[in-house]
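Trainee: I'd like to go through how the parts of this chain meet. Can we start with the terms and then look at the contact?
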Amino acid sequence: MQNFEFHNPVKIIFGKKDELSKLATLVDKSQKVLLVYGGGSIFKNGVYDGVKSALVNHTVLEFGGIEPNPHFETAMKVVEIIKAEKVDFVLAIGGGSVIDAVKFIVSAALYEGTDAWDILAKGVEVKAALPFGAVLTLPATGSEMNSGSVITKAATEEKFAFMSVHSFPKFSFLLPDAAGSLPKKQVANGVVDAFVHVMEQYMNYPAGAPLNDRFAESILQTLIEEGPKVYAKPDDYEAMSNLMWSATMALNGLIGCGVPQDWATHMIGHELTAFHGIDHARTLAIVLPGLWTVLKEEKRAKLLQYGARVWGITEGTEEERVLAAIAKTEEFFQSLGLPTKLGDYGVTSITIDKIVTRFEQRQWKAIGDRGLVTPIVVRQTLEHQLA
Ligand code: NZQ
Ligand code: ZN
């Protein structure tokens, strides 16, 4: 097992929407609160009303309009409001996009440099941020219990992530009943995003960490069991509860302790979102099977373990079992309505050239758990998934 440090200070309040009444005491009354949300789903699922009535004795301002794959440009508008109104506390209400946007907003609000984009594009360290909490209505990203954030600059079609010790929510409400209003497409996206988060921390070289392997495999098995139930019926409270907790556990730092991490699938996928606006999870469903196929020799040990323990693949030669594990995974994504080929989205080899050029320009020449993902591997991966 590798050395690691693990610190996760996020208080989780899991349950039905009436738990939101606890907001009244979680946020100090002396603090001016800004609610930040997306395009309006919170008005339809009762969450907005629950938050407003809990904070009836607080001073509350609002900003609605954070878009999926949140834009730097929109976030900076919120920063101006925070500065002008002297906001003390921000509450993110929605999915990963709103929570990610708020993580960036609270950091940019106290940023002392000239251009807060440098936090994302140049990795400038965040030294301080306003406190914030989250109300999660969409199980997928794990943003509710981690310190990561992904922001897009619309003007340049660039999508970058940052992490900071100041970017953990003070608390997060996980409300499976609020997620019952999700369209099936978003449920499917959530299952696949969480699944691939596990894989980024699991499908790597063996590191003598059997406990972590089993944590990871248990989340994968739960997603395979519960995901289709929620996809069939998003308001199945028990199934949605299990999906939501699985998605949170998939990316709150726990399963990444002591093991190598990869994230190449995400880095390639982010470029497909940046150039074509394809939903985050849908990009992962395209990239992952391609990357595993190209690196199947290097990932052989873990592909065999995964195939046997998660899918029960124990018959055949090693090569047959490896290919079966990849095929099962791709079929799982497709069974949830996620296409796995670039052609399904009208993406051609022109985009592959653009992505490979970006990787070269950014000097991303050897990413992944062992630095095996070179621009050539990126090209082979995307070409494999072309049609
Ligand atoms: O904007 P509203 O009206 O709220 O609608 C949203 C949005 O259109 C809707 N929605 C959310 N909750 C709902 C609902 N609709 C009905 N009922 C509900 N209860 O769902 C749509 C998508 O929301 P979004 O927040 O964009 O989805 P998701 O949670 O999948 O977040 C995706 C973003 O997270 C980033 C991605 O790159 C992408 O930008 N990621 C963040 C990570 C992190 N912070 O750790 C890790 C991930 O790998 C990922 O990169
Ligand atoms: Zn993801």
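Mentor: Start with a definition: a salt bridge here is a side-chain nitrogen of Lys or Arg within 4 Å of a carboxyl oxygen of Asp or Glu. Keep in mind that this is a predicted model.

Trainee: Ok. Which domains does the assignment give?
Mentor: The domain assignment of the protein chain gives domain 1 (11-178) and domain 2 (184-384).

Trainee: And how many residues does each put into the contact?
Mentor: Domain 1 contributes 25 residues and domain 2 contributes 23 residues.

Trainee: How many salt bridges are there between domain 1 and domain 2?
Mentor: By that criterion, the count between domain 1 and domain 2 is zero.

Trainee: What about polar contacts, then?
Mentor: Four residue pairs are in polar contact between domain 1 and domain 2, both residues being at pLDDT 80 or more.

Trainee: Which elements are on the domain 1 side?
Mentor: β1 (11-14) and β7 (158-163) are the elements that give two or more residues to the side of domain 1 touching domain 2. β7 gives the most, with three residues.

Trainee: And by residue class?
Mentor: That side of domain 1 has twelve nonpolar, seven polar and six charged residues.

Trainee: Switching to area. How much is buried between the two domains?
Mentor: About 2,100 Å² is buried between domain 1 and domain 2, and carbon and sulfur atoms give 64% of that.

Trainee: Which three residues of domain 1 supply more than any other three?
Mentor: Pro139, Glu157 and Lys159, which supply 29% of the area that domain 1 buries against domain 2.

Trainee: Last one: how far apart are the domain centres?
Mentor: The C-alpha centres of domain 1 and domain 2 lie 27 Å apart.

Note on methods: Residues numbered from 1 in each chain as written. Chains lettered and ligands numbered in written order. Predicted model: local features only at pLDDT ≥ 70, side-chain atom pairs only at ≥ 80, totals over all residues. Heavy atoms only, no water. Domains from an automatic or database assignment. Contact = heavy atoms within 4.5 Å. Buried area = accessible area lost by both parts, 1.4 Å probe. Polar contact = N/O pair within 3.5 Å; in protein donor to acceptor, adjacent residues only side chain to side chain. Helix = DSSP H or I, 4+ residues; strand = E, 2+ residues; numbered from the N terminus. Nonpolar A, V, L, I, M, F, W, Y, C, P; charged D, E, K, R; others polar.
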